Amino acid sequence: MNIHRADFPILNREVYGKPLVYLDNGATTQKPQCVIDAITKEYLNVNANVHRGVHYLSQEATRLYEEARETVRAFINADSIEEIIFTRGTTESINLVAASFGEAFLREGNEVIVTEMEHHSNIVPWQLLRSRKGIVLKVCPITDEGRLNLEALEQLFTPKTRLLACTHVSNVLGTVNPVADIIRMAHAHDVPVLIDGAQSVPHMPLDVHALDADFYAFSGHKVYGPTGIGVLYGKQKWLELMPPYMGGGEMIGKVSFEHTTFNVLPYKFEAGTPDYVAAHGLAAALDFVSCIGMDKIQEYEHELTRYAREQMALIPGMQFYGPSDNAVISFNVAAPPLGKAGRGTSLIHHLDLGTLLDRLGIAVRTGHHCAEPLMHRLGIEGTVRASLALYNTKEEIDALVAGIDRVRKMF
Ligand code: PMP
């Protein structure tokens, strides 16, 4: 039995009278009691707007908010708190960079490289910038095994390349990209790199300093924290040169109708009242996983992923997509052959499979997973995705395998 399950109250519930088997952690993770408590206690005892009041509660809320920033800094090993910007999540972090870095450094004809395995969050912001500024979007292809084609990537750099935006871990294929090598390659061409860390931060230790990433984005809710809070890490040398993303309270120095000056980092990028309670909740989540140890979590999930792939591979008609290096297993299943003619090689529709698994209490994701260009590359409409977290167990994998087999036999 997994000793950490007891920390997650929701895992005790039933759905359709069956024990919940929650395997949709790539979409969002469940919250441990300590995160729920941190949020509840702040609303019960502290709540006041941050950075604004001379009064006691405001100062205490501000202290908790800034302590949360320091917790994030230490967790990812950034050099300073000036480099930690609170956002609503990965999506907002990437949009911030596209808008602000784009405003400062990108001109018509400049090139941004993305990859074929990106989430829409790391495609569409660059397309919006393309409409505004006439930049060129170049796409690094993947291999048939679901890995980035690094030789092809090397060929994409030109003197006009201004940024590489790449995911650390694919939310569909489970590929862990060799981001340290990719960053080294880009820097050799004088190109800064943004890493989408939505699917990496919950599953492995991270050291942005050692990685030498220029920007690194992630979401709190995928790492056992609350919704509505995320992080953009950015090297100070870039953030200093970038204009504000949004205007409003907190991000200003002095305001008059003629002229406005802006606040120092990181506040320049935090217009309006931030979700300070969620930031505190995120810090509780990061403390929670740090206490377990990110290396231990990685090891455990790695073993669980390996076990799941092994057991699922025994199901007739199983088709995997990608290498599932880490916690993400995408698949489809062929329906059993129809009689002797053996015509039944068609796939069970991912939505049917997901819906029937749900009736057995098993929560998986189905569809294109916000990665439609990747689906085009794979030549499919969608997959079923089981995505794991530190609280999942081999028994739950067994339930998934039995569930898939049962559904398969219904077809
Ligand atoms: N990038 C990747 C790789 C993701 O998996 C996700 C979430 N599915 C996102 C970005 C977007 O995260 P959020 O919706 O929390 O902003």
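In which loop is Pro266 found? The points below take up that residue and then other parts of this predicted model.

1. **The cis peptide bond.** Pro266 is found in the loop between β12 (260-262) and α9, and the bond that joins Leu265 to Pro266 is a cis peptide bond, with omega at about 0°. As background to this point and the next, most residues other than glycine have a negative phi, and most peptide bonds are trans.

2. **Two positive phi values.** Tyr16 has a phi near 50°, a positive value in a residue other than glycine, and Tyr16 lies in the loop between β1 and β2 (18-19), where Tyr16 is partly exposed with a relative accessible area of 43%. Glu250, again a residue other than glycine, has a positive phi near 75°; Glu250 belongs to the loop between α8 and β11 (252-255) and is buried, with a relative accessible area of 16%.

3. **Helix α13.** This helix, residues 394-410, has 17 residues and reaches 25 Å from its first C-alpha to its last, which is close to the 24 Å expected at 1.5 Å a residue. Its buried residues are Glu396, Ile397, Leu400, Val401, Gly403, Ile404, Val407 and Arg408. Seen down the axis of α13, these buried residues fall within an arc of 160°, so they line one face of the helix. On the face of α13 turned away from the buried side are the exposed residues Glu395, Arg406, Lys409 and Met410.

4. **Aromatic pairs across the chain.** The structure holds 9 aromatic pairs. One of them is formed by Phe8 and Phe288, an edge-to-face pair with 5.6 Å from centre to centre and 80° between the planes. This pair links distant parts of the chain, since Phe8 is in the segment before β1 (14-15) and Phe288 is in helix α9 (residues 276-292), 280 residues apart. Both partners are buried: Phe8 has a relative accessible area of 0%, and Phe288 has one of 11%. The rings of Phe105 and Trp238 have centres 5.3 Å apart and planes at 85°, so this pair is edge-to-face as well. Phe105 lies in helix α3 (residues 90-105) and Trp238 in helix α8 (residues 236-241), so the pair ties together parts that are 133 residues apart in sequence. Here Phe105 is partly exposed, at a relative accessible area of 24%, whereas Trp238, at 15%, counts as buried.

5. Elsewhere a charged group sits over an aromatic ring: the charged end of Arg309 is placed over the ring of Phe320, 4.0 Å from its centre, and the charged end of Lys394 sits over the ring of Tyr307, 4.9 Å from its centre.

6. In soluble globular proteins, nonpolar side chains tend to be buried together. In this model the largest nonpolar core has 73 residues, and those with the most contacts inside it are Ile76, Phe86, Leu153, Leu164, Tyr216, Tyr224 and Leu390. The largest share of this core, 12 residues, comes from α9. Apart from it lies another core of 28 residues, including Leu23, Ile315, Val364 and Ile404; Ile404 is also one of the buried residues of α13.

7. **Cysteines.** A search of the whole structure finds 0 disulfides. The sulfur of Cys291 is 8.8 Å from the closest cysteine sulfur, that of Cys34, which is too far for a bond, given that a disulfide needs the two sulfur atoms within 2.5 Å. For Cys370 the closest cysteine sulfur is in Cys166, at 18 Å, again too far for a bond. Cys291 counts as exposed at 72% relative accessibility, and Cys370 counts as partly exposed at 32%.

8. **Gly317 and Val54.** Gly317 lies in the loop between α10 (294-312) and β13 (318-321) and is partly exposed, with a relative accessible area of 37%. From C-alpha to C-alpha, Gly317 and Val54 are 65 Å apart in space, and they are 263 residues apart in sequence.

How values were computed:
Residues numbered from 1 in each chain as written. Predicted model: local features only at pLDDT ≥ 70, side-chain atom pairs only at ≥ 80, totals over all residues. Heavy atoms only, no water. Helix = DSSP H or I, 4+ residues; strand = E, 2+ residues; numbered from the N terminus. Expected span 1.5 Å × (residues − 1). Buried < 20%, exposed > 50% of the residue type's maximum accessible area, 1.4 Å probe, protein only. Arc of directions from axis to C-beta. Phe/Tyr/Trp six-rings, centres within 6.5 Å; stacked < 30°, edge-to-face > 60°. Lys NZ or Arg CZ within 6 Å of the ring centre and 35° of its normal. Core = buried A, V, L, I, M, F, W, Y, C linked by side-chain atoms within 4.5 Å.
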